[in-house]
Amino acid sequence: MASLNDYLLVSGLLFSIGLAGVVLRRNIIIVFMCLELMLSAANLTLVAFSRFKITDNGLPDPSGQMLVFFVITVAAAEVAVGLAIIVALYRARQTIHTDELVSLKG
Amino acid sequence: MPSYLFWLFATIMLIGAVAVIAFRNPVSSALAMVTSFVGLAALFIGLSAFFVGVIQILVYSGAIMVLFLFIIMLLDLKDEKRRSDSLAPLAAGLVLVAVFFIQLVGVLSHKLPNQTAPPLDKAVLAAAAEGYMGGQGDEKVPTKISTALESGSLPDVHIIGHTLFTQYNLPLQILGVLLLVSTVGVVTLSRKSAAND
């Protein structure tokens, strides 16, 4: 059986990889995908805590899985809006590379 | 879930995640992301969260990643040119990530309580059935959840639905409003504005 530490470690690794992608990549779509990876890492933590916490009746705590359900739904809405913004950005500037979007730079 | 299966799926998930940021072609990145999410869904199912695992496959690897692929093809993105990046942002990013990970390992090096998952065998499931009985007062009417628990299976979807529509009813309705608002927002954003053209 994998322990709670193993799950948290794997989830932390996934979060670190997502963070690295957000910081290192210049393509805004990849940055967006890496944000999704970070959300998923948080979901894994929540489900692991839900399984390892015993409630009064001995079943996994459903509250953790409820939060995951809400996170996934909000993420779906966020992806739809974010991608619409990216398409609007591409129409206006013909680029989605963060290096070339410098109009706010002083 | 046996330990080797945990490590197998965790490795699939992490390799997929690394491939997302390693590939230059956005389509390859998106497909690597699907791999990563399938591994993650397997981990969820291993944690007896069947509903979340199925939703992860349906919503994430199904709907969201298809949306990503659709946008990538709509914008007709080419492979990213290998540009001579200045070293400073690269080093800063890697140091940030390394510091975060070292911090995490430091925290996790202390053993947490509940090292092994609490058992979910037939005895535990049957004992939990009592709490899900329906009926008024002393009269006990078996419900779908309690019947399934007594027969020794975990009715994960039923329990989630039960919790969702009793304890979390208001957040669920707010979520419906959020989805409606985001749909309207997406339509507004993607409409070509008459003023610009």
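## Domains of chain B

Let's start with how chain B is organised: its two parts are domain 1 (1-77) and domain 2 (120-188). Keep in mind as you read that this is a predicted model. Taken over C-alpha atoms, the centres of domain 1 of chain B and domain 2 of chain B are separated by 27 Å.

The contacts between these domains involve four residues of domain 1 of chain B and five residues of domain 2 of chain B. On the domain 1 side, three residues are nonpolar, one is polar and none is charged.

## Where chain B meets chain A

Turning to the two chains, 68 residues of chain B are in contact with 62 residues of chain A. Several helices of chain B supply at least two residues each to the side that touches chain A, namely α1 (3-22), α2 (26-46), α3 (50-75), α4 (87-108), α5 (122-128), α7 (156-166) and α8 (169-190). Of these, α3(B) gives the most, with twelve residues.

What about the classes of residue on this side of chain B? They divide into 53 nonpolar, 13 polar and two charged.

## A closer look at A:M33

A:M33 sits in helix α2 (residues 28-52) of chain A. Is A:M33 buried or exposed? A:M33 counts as buried because 27 C-beta neighbours lie inside 10 Å, and the cut-off for a buried residue is 20 or more.

Beyond its neighbours within four places in sequence, A:M33 is in contact with B:V20, B:S29, B:A30, B:M33 and B:F68. Along its own chain, A:S50 is 17 residues away from A:M33, and 26 Å separate their C-alpha atoms.

Key: Residues numbered from 1 in each chain as written. Chains lettered and ligands numbered in written order. Predicted model: local features only at pLDDT ≥ 70, side-chain atom pairs only at ≥ 80, totals over all residues. Contact = placed C-beta atoms within 7 Å. Helix = DSSP H or I, 4+ residues; strand = E, 2+ residues; numbered from the N terminus. Nonpolar A, V, L, I, M, F, W, Y, C, P; charged D, E, K, R; others polar. Buried ≥ 20, exposed ≤ 12 C-beta atoms within 10 Å, placed from the backbone. Domains from an automatic or database assignment.
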